[in-house]
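Work through these exercises with the model open. Try each task before reading its solution.

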Amino acid sequence: MKVAVQCESALLQRSLELFLNGHLSSLKQCDVVLRDRKVMDSHHTLYISDKDDADIKKPFSRSQLFLVLESFYNKLEDIESVHVYDEEVNSSHEKDFILLEAKIDQLTQEYKRNLLDTIKAFYE
């Protein structure tokens, strides 16, 4: 799990960096972004605050932080696995269609050969 931290509070920023040592990543390469203000962007963001709508409510312990991160990360993986499954099903359907098309071509060629053999036999 790769986590980026973007906090306006320097104290919270440093605390999270210490808690997440070994899991920190840049904003471009991360799986989850921790922020102390609400921001809606393309990244998967967890909001840290003492307000009721926070994803992680202050004060929190290191173990509470990791439990929330693990839960959030598992939800992300579940969503991505559904997406990957859909792509695999579509890919499987495409492969099945290609096999079906090849079988139809084979049967058509076989029918054509039999028809031509019958016509040749009739005129001989």
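Two strands pair if DSSP finds at least two bridges between them. Helices (H or I, at least four residues) and strands (E, at least two) are DSSP runs, numbered from the N terminus. This is a predicted model, where local features need pLDDT of at least 70 and side-chain atom pairs count only at pLDDT 80 or more, while totals for chains, interfaces and linings use all residues. Residues are numbered from 1 along each chain as its sequence is written, and side-chain values use heavy atoms, with hydrogens and water left out.

**Exercise 1. List the elements of the protein chain in order.**

Solution. 
Step 1: count them. The protein chain has 2 helices and 4 strands.
Step 2: read from the N terminus. The order is β-α-β-β-β-α.

**Exercise 2. Work out how the strands are arranged in the sheet.**

Solution. 
Step 1: take β3 and β4. These run parallel and are joined by 2 bridges. I48 has I56 as its bridge partner in β4.
Step 2: move to β2 and β3. They pair in the parallel sense over 3 bridges. V33 has T45 as its bridge partner in β3. R35 has Y47 there.
Step 3: trace the link. The chain goes from β1 through α1 to β2, and this β-α-β crossover is left-handed. A crossover is right-handed if, with the strands pointing away from the viewer, the path from the first strand over the helix to the second runs clockwise.
Step 4: The 4 strands form an open sheet in the order β1-β2-β3-β4, with parallel pairing. β1 and β4 (56-57) are at the edges with a single partner strand each, so one side of each has no neighbour in the sheet.
Step 5: place the helix. α1 packs on the sheet and touches β1, β2 and β3. Its direction makes about 165° with that of β1. Axes are lines fitted to C-alpha atoms, for helices over the stretch in contact, and angles run from 0 to 180 degrees between N-to-C directions.

**Exercise 3. Which way do the residues of β3 point?**

Solution. 
Step 1: Buried means under 20% relative accessible area, exposed over 50%, partly exposed in between (1.4 Å probe, protein chains only).
Step 2: sort the residues. T45, Y47 and S49 point one way from β3, and L46 and I48 the other way.
Step 3: check burial. In β3, 5 of the 5 residues are buried, so the strand is largely enclosed by the rest of the structure.
Step 4: L34 stands opposite L46 in β3.
Step 5: look at the whole chain. Of its 124 residues, 22% count as buried.

**Exercise 4. Find the residues that touch the most other members of the largest nonpolar core.**

Solution. 
Step 1: define the core. It is a set of buried Ala, Val, Leu, Ile, Met, Phe, Trp, Tyr and Cys residues joined through side-chain atoms within 4.5 Å.
Step 2: pick the members. Of the 17 residues in this core, L16, L20, L34, L65 and L69 touch the most others.
Step 3: see which elements contribute. β1 (3-6), α1 (10-19), β2 (32-35), β3 (45-49) and α2 (62-123) each give two or more residues. The largest share, 5 residues, comes from α2.
Step 4: follow L16. Contact means heavy atoms within 4.5 Å. Not counting residues up to four places away in sequence, L16 touches V5, C7, L34, I48, F60 and L65.

**Exercise 5. Describe two loop residues, R37 and P59.**

Solution. 
Step 1: locate R37. It is in the loop between β2 and β3. R37 is partly exposed, with a relative accessible area of 39%.
Step 2: list its contacts. Leaving aside neighbours within four places in sequence, R37 contacts E8 and Y47. The C-alpha atoms of R37 and E8 are separated by 7.7 Å, though the two residues are 29 residues apart along the chain.
Step 3: turn to P59. It lies in the loop between β4 and α2. The peptide bond from K58 to P59 is cis, with omega near -10°.
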